[in-house]
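Dear colleague,

I am passing the structure below on to you, together with notes on what turned up in it. Please read them alongside the model.

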Amino acid sequence: MIEGFILKIKRGESPFFRFLRKLIKGLASSHLPVPRFLYPIPRLFYHLHFGVLFSLRWLLNYFYREPLFRSRCVSIGKQFHMWLMPDIAGHPKIYIGDNVNFFGHVGITSGRVFDNPTLRIHDRVDIGHNVGFLVNKEIVIEEDVNVASGVCFMDSDAHPKDPVARAQHQPPPADEIKPVHICRHVWIGQNTYVMKGVTIGEGAVIGVNSVVVSDIPPYCVAMGNPARVVFKNLPKAPSTGAADAASDPIPAADPAGVRQA
């Protein structure tokens, strides 16, 4: 009965229903008139609204989310900041350096092929919202990397190429899993996929919506599906020499043995 009444309004079957449809559309597009001299009052509540939200989020992160996430990682450096609890599935070993920011949801997933799948995020890395890491062997993000929202890093295809193995829900074989390495000062644009075996060279920029399936040289711009170099010889970042390596708090990779079926 209610659905039929709503349908009559949508169709405007009579002057009465056309009036109701017009009234509803008018209300949906209207706003509460506020005199301009009263604007400081709602503006105060606007800032108060976000101030309360940010304060509650900070308290939740400080006393609950961050301690739980730190306990799940092998190591996290100083001044780590996150907005939401990272979602971790599997048994990845996670190393995070100093001054790393997670600006939204981050998902980290590992498979069962290797004993020690490892994610290493070095110092001063910014990670956007809805960023995913599928790490079956190793993914390394070096210093001063910027990762926009919607980016996905995958060191495997998640499923084997053999259709019979896929139908049997088998993991990809070990020789189809290849580490991903993102060098320092890289900028990765929104909704980009970085696939297995890829190394993105120092200072490179990856355009939005790209699919990176092969190595990208340093200090260039690459974009597209598959990503191709469209600009070379970007300005180089100043080198700090061996001092960075000496101060790197993230240890070298642990030997990763393949699980025996």
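The charged end of R120 sits over the ring of Y95, 4.4 Å from the ring centre, where a charge counts as over a ring if NZ of Lys or CZ of Arg is within 6 Å of the ring centre and within 35 degrees of the ring normal. Please bear in mind that this is a predicted model, in which local features need pLDDT of at least 70 and side-chain atom pairs count only at pLDDT 80 or more, while totals for chains, interfaces and linings use all residues. Residues are numbered from 1 along each chain as its sequence is written, and side-chain values use heavy atoms, with hydrogens and water left out.

Turning to ring pairs, the structure holds 11 aromatic pairs (rings of Phe, Tyr and Trp, the last by its six-membered ring, with centres within 6.5 Å; planes under 30 degrees apart are stacked, over 60 edge-to-face, the rest tilted). One of them joins F50 and F54, whose ring centres are 6.1 Å apart with planes at 40°, so the pair is tilted. Both residues belong to helix 3 (residues 40-72), four residues apart, about one turn of the helix; helices (H or I, at least four residues) and strands (E, at least two) are DSSP runs numbered from the N terminus. F50 is partly exposed at 32% relative accessibility, and F54 is likewise partly exposed at 45% (buried means under 20% relative accessible area, exposed over 50%, partly exposed in between, with a 1.4 Å probe and protein chains only). Ring pairs also link F50 and F54 with Y46 and W83 into a cluster.

S156 lies in the loop between strand 12 (152-154) and helix 4 (163-167), and it is buried, with a relative accessible area of 0%. Its side chain makes a polar contact with the side chain of N136 at 3.1 Å (a pair of N or O atoms within 3.5 Å; within protein, one must be able to donate a hydrogen and the other to accept it, and residues adjacent in sequence count only if both atoms are side-chain atoms). A polar atom of the S156 side chain also lies 3.1 Å from the backbone nitrogen of A158.

Finally, the structure holds zero disulfides, a disulfide being a pair of cysteine sulfur atoms within 2.5 Å. For C152, the nearest cysteine sulfur is that of C73, 18 Å away, and C152 is buried at 18% relative accessible area.

Best regards
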